[in-house]
Amino acid sequence: MKVALQLDNVFKQYKAGKQAVNGVSFRVAEGSCFGLLGPNGAGKSTIMKLIAGIIPLDQGEITLLERPIAQMRGRLGQSVGYVPQEITLYESLNAWQNLHFFGKMYGLRGKHLQERIALVLEQVGLSERARDKVGSYSGGMKRRINIAAALLHEPKLVVLDEPTVGIDPQSRNHIFELIRGMQKAGITVLYSTHYMEEVELLCDELAILDHGRVIAAGELREVLGQHMGSAVYVEVDNWQGPEQLFANAKVRAEGNGWLIEGSSALQIMHELTGALLQSGHQVRALELQQPTLESVFIKLTGAALRD
């Protein structure tokens, strides 16, 4: 695996004394989409600003394309396309004018800049609205232009900080397709979100953050397997519950039934169906449940994602 981005024991503390990033380490493979998952305040945005060189780190090292970013100085911006949570556009200008401004900030000029503007507008699906003022755009369209601005200079790494917050489904799906296109072109994507289903859909690997720390990391299947096995969900009429049947399994009430977790879900299913057949109770639901990112997060933090 060729590593595009690596963080080694990175720390960042703000003046107010808040430890925003507390010893974070992870690696991102070249051409992959790597997900940063966590609630607001987990440290995702700070990590992305550190990678983009917007704020300095306090301790540790960040390496981009095998070079420490501390040594890249002004050249860092040529390799990274950063898309912040906040919309950073001039609403009184149209999309073409906005992109022309940002392109010149990246050092693009003349015919090459014109060609890049036309191409990124096509990539984000807004060529026909290029001459309309950005102030007339929907929230999703503005985010797509924000992404287009970050692609103008053909970066090797694109950093997307919660790009789908508060946008329409059409723009959300367009952003997903855009990310898949980046990967096909060999661009590495660092994708921050607190929507778990987006990480499951888009990302090759992920890191789950909470309180500035990495609490789980790796390939999705690996993370799920490390922190939670399969489980059996059951709903039964007029039944006291399965606690007495499974001394070595974890049983908890969920919805209108119970969730039973243990080392072998198939064995649980076998014992449960045998007991229910003997009892004669009416079974409303009986299913094998695979672990999800949400169930892993709840297990690790003791709570659902905090907005």
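Buried residues, meaning those under 20% relative accessible area with a 1.4 Å probe and protein chains only, make up 48% of the 307 residues in the chain. The model is predicted: local features need pLDDT of at least 70, side-chain atom pairs count only at pLDDT 80 or more, and totals for chains, interfaces and linings use all residues. Residues are numbered from 1 along each chain as its sequence is written, and side-chain values use heavy atoms, with hydrogens and water left out.

**Overall form**

- The chain has 10 helices and 14 strands; these are DSSP runs numbered from the N terminus, with helices (H or I) of at least four residues and strands (E) of at least two.
- The C-alpha trace spans about 80 × 45 × 40 Å along its principal axes.
- Of the contacts (heavy atoms within 4.5 Å) with a separation of 6 or more, 67% are between residues 24 or more positions apart.

**Nonpolar cores**

- A nonpolar core is a set of buried Ala, Val, Leu, Ile, Met, Phe, Trp, Tyr and Cys residues joined through side-chain atoms within 4.5 Å.
- The largest nonpolar core has 49 residues, and those with the most contacts inside it are Leu99, Leu121 and Ile208.
- Helix α5 gives the most to this core, with 7 residues.
- Another core lies apart from it and has 29 residues, including Leu7, Ile51, Ala52 and Val159.
- Not counting residues up to four places away in sequence, Leu99 touches Leu113, Ile117, Val120, Leu121, Ile145, Ala148, Ala149 and Leu152.

**Helix α3 with helix α4**

- The axes of α3 (residues 95-105) and α4 come within 10 Å and cross at roughly 125°; axes are lines fitted to C-alpha atoms, for helices over the stretch in contact, and angles run from 0 to 180 degrees between N-to-C directions.
- The two helices α3 and α4 are therefore oblique to each other, given that angles under 35 degrees count as roughly parallel, over 145 as roughly antiparallel, 65 to 115 as roughly perpendicular and the rest as oblique.
- In this pair, Ala95, Trp96, Leu99, His100, Gly103 and Lys104 of α3 meet Leu113, Gln114, Ile117, Ala118, Val120 and Leu121 of α4.

**Helix α4 with helix α5**

- The axes of α4 (residues 110-123) and α5 (residues 139-151) come within 9 Å and cross at roughly 140°, so α4 and α5 are oblique to each other.
- Arg116, Val120, Leu121 and Gln123 of α4 make the contact with Ile145, Ala148 and Leu151 of α5.

**Helix α5 with helix α6**

- The axes of α5 and α6 (residues 169-184) come within 9 Å and cross at roughly 20°, so α5 and α6 are roughly parallel to each other.
- On the α5 side the contact is made by Gly140, Met141, Arg144, Ile147 and Leu151, and on the α6 side by Ser171, His174, Ile175, Leu178 and Met182.

**Positive phi angles**

- Most residues other than glycine have a negative phi.
- Leucine 65 has a positive phi, near 50°, and lies in the loop between β4 (59-64) and β5 (67-68).
- At 31% relative accessibility, leucine 65 counts as partly exposed, a class between buried and exposed, the latter being over 50%.
- Asparagine 238, which is not a glycine, has a positive phi of about 50° and is found in the loop between β11 (231-236) and β12 (250-254).
- With a relative accessible area of 76%, asparagine 238 is exposed.
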